[in-house]
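Colleague: Could you walk me through this model, one feature at a time? I would like the cut-offs along the way.

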Amino acid sequence: MTELNKLTLAEARDALRKGDTTSVELTEACLKAIDSADALNAFVHKTPELAMERAKAADDRIKAGDAPSMCGLPIGIKDLFCTKGVPSQAASKILEGFKPEYESTVSQKLADVGSVMLGKLNMDEFAMGSSNETSVYGNAVSPWRRGNDEAQLTPGGSSGGSASAVAADLCLAATGTDTGGSIRQPAAFTGTVGIKPTYGRCSRWGIVAFASSLDQAGPMTKSVRDAAIMLETMCGHDPKDSTSAELAVPDFEAMLTGDIRGKKIGIPKEYRMDGMPGEIEKLWSDGAEMLKAAGAEIVDISLPHTKYALPAYYVIAPAEASSNLARYDGVRYGRRATLDAGDGITEMYEKTRAEGFGHEVQRRVMVGTYVLSAGFYDAYYNRARRVRTLIKKDFEDAFAAGVDAILTPATPSAAFGLGEMTEADPVQMYLNDVFTVTVNLAGLPGVAVPAGLDSQGLPLGLQLIGKPWEEGDLLNTAYALENAAGFVAKPQQWW
């Protein structure tokens, strides 16, 4: 049998059911891999005692014959999810020392079915970033390298720790969150699969909020089948989240037939960007050919308001962040700055927030506060909301015309080196989200599937966008693409 930590969720589940291995053995293999991978800085709060306790309980459940699919499978949890009694810092200094007294709905659902939490994963501070370079824990590092070049590469962001850990086989799968591409972009950079479900499919309760109308949790896995297995557990209505949908959750795995004959796949002309690398262009047309060969019909479509998506996103997301992050004030929990004699409450707020928030978070809070201020609310925030409605309508029109899914690149390039996109021009970093933000603005499901390697041996991913609430159908199309692409590359171990 392959090394246990290298198994997929589906393989590990089947091995557990057959009695070929135990959850304790699987968990020990992952904990050993984690301990030898500090160079990747993926796991930032390790919970080995809790993991072993849950693994033993899972083995008892499996023996008793009462075991859901995810039972006994070791996974990592992004540091944005509150986990009871375990530090949950959202990678920020301002939440130093915060150990919640409650569990987020998504991590509770995973615990309830017997999955094993190995620890908390690195991320961009408050999920703001596309390269995992804004974390208080330091950069997460991709297990991939460009040929023999030793330069450290980004695993993408904000779910960089999750992507790095799954790609390096430190865990069988991980949770991520996606506000503008933070599951799909890191998945594309690391040769893994990541799905952002429809807004409202997964509860946001207990997940540290960045932009409440955009945030959505989802799984990051080694295969499309694994994404289907894990997503089913994570989804479901939650009365504690007013945006959570009261809809039955289908058996996503059972929908993976690979049969996409007669499906219409749209290719949006607006996603052909100036200066897009030839490799991405080729990957995209190859992906369309693969789907065509599998029996789908490829049609050209137009999403005319795409060019306004990034500007609209970078007004709406910071506006919501500025409102959500107002609660971090040094009064109730987390860090409080040391005050000088004579300092009042205003000085306490100012010093705590100046010390506690990193530069990127400060930048976005200030942008958000500006666009919400009296003189600019209509000029920026309300206008961005109107643009968002038009972007959503573009997708609705395409689906109404019979399109079943839309194929686009996942990222404008392969992973770049840490430090290569410097603070000098944050806009360059924001452009990484160009293919992913539309999906969040429209509240649609989107999945990134690894589809090839660039000339330097780095993974490249394609994105499929689906109809609202039709994750099963979307995953089936992704499954057909995954089978056709046959991506099996893994990073060479150097860490």
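Modeller: Gladly, and one definition comes before the rest: buried means under 20% relative accessible area, exposed means over 50%, and partly exposed is in between, with a 1.4 Å probe and protein chains only. This is a predicted model, so local features need pLDDT of at least 70 and side-chain atom pairs count only at pLDDT 80 or more, while totals for chains, interfaces and linings use all residues. Residues are numbered from 1 along each chain as its sequence is written, and side-chain values use heavy atoms, with hydrogens and water left out.

Colleague: Is methionine 123 buried or exposed?

Modeller: Methionine 123 sits in the loop between S3 and H5; helices (H or I, at least four residues) and strands (E, at least two) are DSSP runs, numbered from the N terminus. Its contacts, meaning heavy atoms within 4.5 Å, include Lys78, Asp79, Leu80 and Ser158, leaving aside residues up to four places away in sequence. With a relative accessible area of 0%, methionine 123 is buried.

Colleague: How far apart are the C-alpha atoms of methionine 123 and valine 113?

Modeller: Along the chain, methionine 123 and valine 113 are 10 residues apart.

Colleague: Which peptide bond is cis, with omega near 0°?

Modeller: Look at serine 158, in the loop between strand S3 (116-121) and helix H5 (160-167). Ser158 is also among the residues touched by methionine 123. The cis bond, with omega near 0°, runs from glycine 157 to serine 158.

Colleague: What is the phi of alanine 91?

Modeller: Alanine 91 belongs to the loop between strand S2 (74-78) and H4. Its relative accessibility is 0%, so alanine 91 counts as buried. Although alanine 91 is not a glycine, its phi is positive, at about 55°.

Colleague: And where is asparagine 41 found?

Modeller: Asparagine 41 is not a glycine, yet has a positive phi of about 55°. Its place is the loop between helix H2 (23-35) and strand S1 (43-46).

Colleague: How are H4 and H7 oriented to each other?

Modeller: Axes here are lines fitted to C-alpha atoms, for helices over the stretch in contact, and angles run from 0 to 180 degrees between N-to-C directions. Those of helix H4 (residues 105-112) and helix H7 (residues 224-234) come within 8 Å and cross at roughly 110°. Angles under 35 degrees count as roughly parallel, over 145 as roughly antiparallel, 65 to 115 as roughly perpendicular and the rest as oblique. H4 and H7 are therefore roughly perpendicular.

Colleague: Which residues make that contact of H4 with H7?

Modeller: From H7 come Met230, Thr233 and Met234. From H4 come Val106, Lys109 and Leu110.

Colleague: How do the residues of the contact of H8 with H15 divide?

Modeller: The axes of helix H8 (residues 278-293) and helix H15 (residues 471-485) cross at roughly 105° and come within 9 Å. That makes H8 roughly perpendicular to H15. Gly287, Met290 and Leu291 of H8 meet Thr477, Leu481, Ala484 and Ala485 of H15. Counting Ala, Val, Leu, Ile, Met, Phe, Trp, Tyr, Cys and Pro as nonpolar, Asp, Glu, Lys and Arg as charged, and the others, Gly among them, as polar, the contact has 5 nonpolar, 2 polar and no charged residues.
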